[in-house]
Amino acid sequence: MELGDILASDGILQRLKADTKKQALEGLAAKAEKPAGIVAVEIYNALLQRERLGSTGLGRGIAVPHVKFKDLKKIICLFARLEQPIEFESPDGEPVDLIFLLMSPEHASGDHLKSLARISRLVREPALLERLRNAPDTAALNSLLTSTKTSHAA
């Protein structure tokens, strides 16, 4: 499964303005409402509940908040590049500036894990992270996110 298969059309936020983790999650929830067909407040509340279990900050400026919904029809991913890095309680203590939001149907546990693994492989590439941080516009971000192929080995 490639990121292009799950990235929502119009699912890239080139410059998300947020001063806190909650503001970032709120902005992502608002953007996810239309492709998910789930009201933003429900998405936001699920994201907050997931963060209470433990931060989804991975380190190196990356976060991958992920949630499941009973009524979601397919896996959806959104990507946000923040205007300014924010505290996200990442294990390395570094602020986050790139966020991948992953939403999956409740019954799609296997595909949910595969999607998380795909994003994890993608963000292990320092050169790609640099290109994501410096991409001039949404089209360039989309190209980077949808055309990048990596090994399918976990």
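A polar contact, as I use the term here, is a pair of N or O atoms within 3.5 Å. I am working from a predicted model.

**Entry: the start of α6**
I looked for such a pair where α6 begins, and found a side-chain oxygen of D137 within 3.3 Å of the backbone nitrogen of A139.

**Entry: the buried side of α6**
Next I asked myself which residues of helix α6 are buried. Across residues 138–147, they are L141, L144 and L145. Looking down the axis of α6, I saw the buried residues fall within an arc of 90°, so they line one face of the helix. I then checked what covers them, and the cover includes α1, β1, β5, β6, α4 and α5.

**Entry: strand β5**
Eight of its 11 residues are buried, so β5 is largely enclosed by the rest of the structure. I followed its neighbours too. β1 and β5 run parallel and are joined by four bridges; there I found I12 opposite F79 of β5. β5 and β6 run antiparallel, with seven bridges between them, and I86 has V96 in β6 as its bridge partner.

**Entry: stepping back**
I counted six helices and six strands in the protein chain. From the N terminus, I read their order as α-β-α-α-β-β-β-β-β-α-α-α. A compact globule of 154 residues would have a radius of gyration near 15 Å, and the 14 Å of this chain agrees with that. I noted that buried residues make up 49% of the chain. Lastly, I looked at contacts between residues at least 6 apart in sequence: 70% of them join residues at least 24 apart.

Technical notes
Residues numbered from 1 in each chain as written. Predicted model: local features only at pLDDT ≥ 70, side-chain atom pairs only at ≥ 80, totals over all residues. Heavy atoms only, no water. Buried < 20%, exposed > 50% of the residue type's maximum accessible area, 1.4 Å probe, protein only. Helix = DSSP H or I, 4+ residues; strand = E, 2+ residues; numbered from the N terminus. Arc of directions from axis to C-beta. Contact = heavy atoms within 4.5 Å. Polar contact = N/O pair within 3.5 Å; in protein donor to acceptor, adjacent residues only side chain to side chain. Pairing = 2+ DSSP bridges. Rg over C-alpha atoms; globule rule 2.2 N^0.38 Å.
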